[in-house]
Amino acid sequence: MNTQRSIYLDYAATAPLLPEAREAMQPFLEAEFGNPSSVHGHGQRAEAALESARETMARHLNASPREVVFTSGATESDNLALRGAAWAAYRQSGARHILTTPVEHDAVSQTAEQLAALHDFELEYLPVDEYGRVAPADLAARLRPDTALVSVIYANNEIGTLNPIAELAAICRERGLTFHTDAVQAGAHLALDMQTLGVDLLTLGAHKFGGPKGVGILYVREGVEIIATQTGGGHEGGQRAGTPNVAYIVGMAKAFDITQAEIHQSINRLSDWRDKIIERVLDSIPDAKLTGHPRERLANHASFVFKGVDGNALLMLLDAAGFACSSGSACKTGDPEPSEVLNALGFSHEWGLGSLRVTLGQQTTSDEIDAFLNTLPDLVDRCRALEVA
Ligand SMILES: *Cc1c(COP(=O)(O)O)cnc(C)c1O
């Protein structure tokens, strides 16, 4: 493990806490410790901070503050969306059919699988193309009167591909079916307007956009029913029980405010660098392929497979050379099998094992990218030599 400061190219795993977010949180870790449910002044000040954070999140989402439910992070938001909407649909009409994709984050796919295994829901996977995209016509063809919920990832964490969420959501809306999207990777790299996107449920996690870990939101469109999966007090409009983490929520709102206010400049800057990385890697390294869509992808995200390379060995060599990258999903690190996502896209074992994800962010510089591009080809060569030896 490289203990020196390395060049950080793993923003899809997590982003550093923005200093402004840390500063905004500070009072709520100290003097302003009140419980927002309390009647006295301490409680009222905590409550005011909580509601102001809710308004900030809602404003950038073009949503109503009532539609923002605070959670302990994106994993909880995905769990609440799937279980909460599936149970609500079942209670309303007996619906048991869940449609999702083979390229979801585990927080969605494992929850869907548990709903099938323990609660008798019928799970069906939508087909995806070679880039991991769902075609609207394929969704339309698979919807049924007893469909309880559709969940499609917005921006893929492993391969960067964007799904046509507005079109997919519109198809569900026309038929009165609930549509959820995991938009965690989009939080830092796309403008998010709930009116034009048209989704019923949307997941965000703060630490992917410069907020603290352990806090997120589920956007729940007015009128969409979910059943609370964490029960207790009547917090968050009865949709999520538990005293809210005021400090983290305030930090999340500050980070989202800054990130979303700068989103267009950020997209322009990062997508130029992303395209440079993709072009140079494919030009300078033989037997290299881009994974995910060449254009419809996150501005900060470049991902590849290299034939005959052990992806974990490559990550260790990169780390030793001072570059922090990933093979794809942070959760899969250390697993010697190709990821489920790459399998779903049809990559063979020989290609799928050699995956590399390079994700940029707020603090990335042009010099860092040049240093990375000058180092990578040699390290890939060294990995290939290891394979043969
Ligand atoms: C990171 C991530 C999550 C989970 O976030 P946690 O902070 O671990 O709860 C869910 N979905 C996607 C797409 C992610 O990138």
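# Reading strands, helices and ring pairs in a predicted model

Author: In this predicted model, the side chains of His97 and Leu99 point one way from strand S3 (residues 97-100), Ile98 and Thr100 point the other way, and all are buried.

Reader: In what sense do S3 and S4 pair, parallel or antiparallel?

Author: S3 and S4 pair in the parallel sense, over four bridges. A residue to look for is Thr100, whose bridge partner in S4 is Tyr125.

Reader: What is the order of the strands in the open sheet?

Author: Seven strands form the open sheet, in the order S2-S8-S7-S6-S5-S3-S4, and the pairing is mixed. Strand S2 (68-71) and strand S4 (122-125) are the edge strands, since each pairs on one side only. Neighbouring strands are turned by 20 degrees against each other on average, with direction ignored.

Reader: In what sense do S2 and S8 pair?

Author: S2 and S8 pair in the antiparallel sense, again through bridges, of which there are four. Val68 stands opposite Tyr219 in S8.

Reader: Which strands does helix H2 lie across?

Author: Helix H2 (residues 41-61) lies across S2, S7 and S8, and runs at about 120 degrees to S2. Helix H6 (residues 165-174) also packs on the sheet, where it touches strand S5 (147-151) and strand S6 (179-182). The direction of H6 makes about 160 degrees with that of S6.

Reader: Is H3 enclosed by the rest of the structure or exposed?

Author: H3 is largely enclosed by the rest of the structure, because 14 of its 20 residues are buried. Just after H3, Gly94 takes a positive phi of about 80 degrees.

Reader: Which residue other than glycine has a positive phi near 65 degrees?

Author: That residue is Asp120, found in the loop between helix H4 (106-119) and S4. Asp120 is exposed, with a relative accessible area of 57%, because the cut-off for exposed is over 50%. Asn62 is another non-glycine residue with a positive phi, of about 50 degrees. Asn62 is placed in the loop between H2 and S2 and is partly exposed, at a relative accessible area of 38%.

Reader: Which residues does Ser72 contact, leaving aside its neighbours within four places in sequence?

Author: With those neighbours set aside, Ser72 is in contact with Gly214, Val215, Gly216 and Arg240. Ser72 lies in the loop between S2 and H3 and counts as partly exposed, at 39% relative accessibility. Although Ser72 and Val215 are 143 residues apart in sequence, their C-alpha atoms are 4.2 Å apart in space.

Reader: What describes a pair of aromatic rings?

Author: Such a pair is described by the distance of the centres and the angle of the planes. In this structure the count comes to five aromatic pairs. One of them joins Phe209 and Phe256: the ring centres are 4.9 Å apart and the planes are at 50 degrees, so the pair is tilted. Phe209 lies in the loop between strand S7 (201-205) and strand S8 (216-220), and Phe256 in helix H8 (residues 246-261), so the pair ties together parts that are 47 residues apart in sequence. Phe209 and Phe256 are both buried.

Reader: Is the pair of Phe323 and Phe372 tilted or edge-to-face?

Author: The Phe323 and Phe372 pair is edge-to-face, because the planes are at 70 degrees, with the ring centres 5.8 Å apart. Phe323 belongs to strand S11 (residues 323-324) and Phe372 to helix H13 (residues 366-388), so this pair ties together parts that are 49 residues apart in sequence. Phe323 and Phe372 are buried.

Reader: Over the face of which ring does Lys289 lie?

Author: Lys289 lies over the face of Trp351, at 4.2 Å from the ring centre. Arg96 lies over the face of Phe121, at 5.9 Å from the ring centre.

Conventions:
Residues numbered from 1 in each chain as written. Heavy atoms only, no water. Buried < 20%, exposed > 50% of the residue type's maximum accessible area, 1.4 Å probe, protein only. Helix = DSSP H or I, 4+ residues; strand = E, 2+ residues; numbered from the N terminus. Phe/Tyr/Trp six-rings, centres within 6.5 Å; stacked < 30°, edge-to-face > 60°. Lys NZ or Arg CZ within 6 Å of the ring centre and 35° of its normal. Pairing = 2+ DSSP bridges. Axes fitted to C-alpha atoms, helices over the stretch in contact; angles between N-to-C directions. Contact = heavy atoms within 4.5 Å.
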